[in-house]
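Here is a walk through one protein model, written for someone opening it for the first time. Have the sequence and the 3D view at hand as you read.

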Amino acid sequence: MAAPSPKTVSGPQPAPGPRSLTLLGATGSVGSSTVDLIKRGGARYRVEAVTAHRNAAELARLARELNVGFAAIADPAAYRELKDALAGSGIEVASGEASLIEAAERPAEWVMAAISGSIGLKPTLAALKRGATVALANKECLVCAGGLFMRTAAAAGATVLPVDSEHNAVFQALSAGRREDVRRVILTASGGPFRTWSIEAMRAATPEQALRHPNWSMGPKISIDSATLMNKGLELIEAHHLFALRSDELDVLVHPQSVVHGLVEFRDGSVVAQLGAPDMRIPIAHCLGWPARIDGPAPRLDLAQIAALNFEAPDPERFPALPLARRVLETGGAAPTVFNAANEIAVGCFVERRLDFAGITTLVAATLDAAERRSVLAEPQNVEEALAVDHMARSLAQDVLLEIAAKAS
Ligand code: MG
């Protein structure tokens with residue numbers, strides 16, 4: 001008989017037997033990376049439910065491959081295709097928004113919340129309410145209703161594991177000390193494609209130029225958010241909620257190599273950072289294995305090859321989205337919801353060439369001003385209120401855009 005192996009890891013131990021998982025948003029980029037890790041883990045995992053927006057063929061393929069119990073598709077028009085593709089498999093099938101909530105309510109110990117957009121709010125909240133461990137990749141949950149989400153998680157005893165690389169880094173670094181000993185948390189930003197551009201050149205930047213992100217391959221919305229640093233502004237808001245940090249405890253550092261993802265400074269002057277190749281499979285693997293560590297397929301970090309790491313303070317003149325995000329953080333209430341919704345409208349207008357690059361932040365700031373004047377910034381108390389503010393802010397941004405255009409002509 002083999003001798004029992006010594007325990008080398010301290011802290012909480014994973015429960016014995018396969019870990020039950022549910023993937024909300026299984027066909028997107030984070031979902032696909034998660035599936036890749038699950039397949040490598042083999043018998044270690046059992047998948048309870050998977051959901052997708054409207055890609056029935058891909059969802060059916062994943063559902064069969066992972067041998068899930070339940071597959072849900074948001075778009076009712078894709079139901080028939082999913083049902084036919086899973087005929088005879090024994091897998092339960094449903095569609096519509098309620099089916100996403102049903103998937104989240106099923107008894108899986110761990111849930112990947114990777115539905116993008118505000119449609120992800122209710123299913124993610126449902127998983128938190130039943131006390132699941134939730135790997136959170138949906139930005140809107142924290143930006144639009146962060147107070148509500150974190151209070152719900154705390155009341156239900158749910159665990160929130162941040163998937164976003166910066167927040168995941170901070171989560172890891174925070175385990176090096178006690179919360180009351182944290183002095184400052186720093187999120188890094190690559191600086192995007194315009195890091196070294198002049199303010200004049202940035203004003204004339206095209207959508208094609210803004211879409212060229214140096215380190216990460218991402219969708220168009222998040223690529224443009226990285227060019228304006230709006231993405232980092234949204235991440236400041238997320239960090240505020242995730243780790244209960246005030247604006248003055250949060251900092252942003254531009255770091256073009258995207259190797260150091262986040263840092264925590266403690267009261268004794270120690271700074272603990274998490275490093276890794278810029279590959280989302282690293283933070284996803286951390287969440288999937290937590291509290292243990294699992295093998296990850298991402299490239300290993302080779303610092304000798306990288307040789308130098310650079311850091312610089314972000315320039316608030318060229319990247320006004322950052323000071324604007326701080327203002328939003330300090331205003332609180334529904335201001336982050338308005339900030340996020342107005343930015344989505346602004347990015348859409350920039351892509352359609354109805355706004356220049358600098359106009360993105362200008363439109364967001366003017367929409368916030370308009371919302372403040374109308375006193376519509378009370379904190380949303382439930383998902384319906386958050387969605388109502390989101391809706392209001394989008395139409396307000398459209399009105400403000402017309403006002404800006406009228407003034408300019
Ligand atoms: Mg990020």
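Why is helix H7 largely enclosed by the rest of the structure? Nine of the ten residues of H7 are buried, so the rest of the structure largely encloses this helix.

## Before going further

What you see is a predicted model, in which local features need pLDDT of at least 70 and side-chain atom pairs count only at pLDDT 80 or more, while totals for chains, interfaces and linings use all residues. Residues are numbered from 1 along each chain as its sequence is written, and side-chain values use heavy atoms, with hydrogens and water left out.

"Buried" means under 20% relative accessible area, "exposed" means over 50%, and "partly exposed" is in between (1.4 Å probe, protein chains only).

## Helix H7 and its surroundings

Let's stay with H7, which covers residues 165–174. Its buried residues are Ser165, Glu166, His167, Asn168, Ala169, Val170, Gln172, Ala173 and Leu174. What do they pack against? Their surroundings include strand S7 (159–162), strand S8 (182–189), H11 and helix H12 (281–289), where contact means heavy atoms within 4.5 Å. Strands S10 (260–266) and S11 (271–275) are also on that list.

## H7 meets H11

Helix H11 spans residues 230–243, and it packs with H7 at an angle of about 35°, their axes 10 Å apart. Axes here are lines fitted to C-alpha atoms, for helices over the stretch in contact, and angles run from 0 to 180 degrees between N-to-C directions.

On the H7 side, the contact uses Glu166, His167, Val170, Phe171 and Leu174. H11 brings Lys232, Glu235, Glu238, Ala239, Leu242 and Phe243. Sorted by type, the residues of this contact are six nonpolar, one polar and four charged. For that sorting, Ala, Val, Leu, Ile, Met, Phe, Trp, Tyr, Cys and Pro count as nonpolar, Asp, Glu, Lys and Arg as charged, and the others, Gly among them, as polar.

## The magnesium ion

Which protein donors does the magnesium ion have? They are Asp164 (OD), Glu166 (OE) and Glu235 (OE), lying 2.1 to 2.3 Å from the ion. Donors are N, O and S atoms within 2.8 Å of the metal (3.2 Å for Na, K and Ca), and water is not among the atoms, so sites may look incomplete.

Along the chain, the donors follow the spacing D-x1-E-x68-E. Asp164 and Glu166 are both buried. Glu166 also belongs to the contact of H7 with H11, as does Glu235.

## A four-strand sheet

Now look for an open sheet of four strands, in the order S9-S8-S10-S11 and with mixed pairing. Strand S9 (250–254) and S11 stand at the edges with a single partner strand each, so one side of each has no neighbour in the sheet. From one strand to the next, the twist averages 20°. Two strands pair if DSSP finds at least two bridges between them.

S8 and S9 run parallel and are joined by five bridges, with Val185 opposite Leu250 in S9. S8 pairs with S10 in the antiparallel sense, also over five bridges, and here Ile186 has Leu263 in S10 as its bridge partner. H11 lies across S8 and S9, running at about 150° to S8.

Is S10 largely enclosed or left open? Seven of its seven residues are buried, so S10 is largely enclosed by the rest of the structure. S10 and S11 form a hairpin with four residues between them, and Gly269 in the turn has a positive phi of about 100°.

## Some backbone details

A cis peptide bond joins Trp290 and Pro291, with omega at about 5°. You'll find Pro291 in the loop between H12 and helix H13 (303–306).

Ser258 has a positive phi, near 50°, in a residue other than glycine. Ser258 sits in the loop between S9 and S10 and counts as buried, at 5% relative accessibility. Ala307 has a positive phi too, near 70°, but at 69% relative accessibility Ala307 counts as exposed.

Conventions: Helix = DSSP H or I, 4+ residues; strand = E, 2+ residues; numbered from the N terminus.
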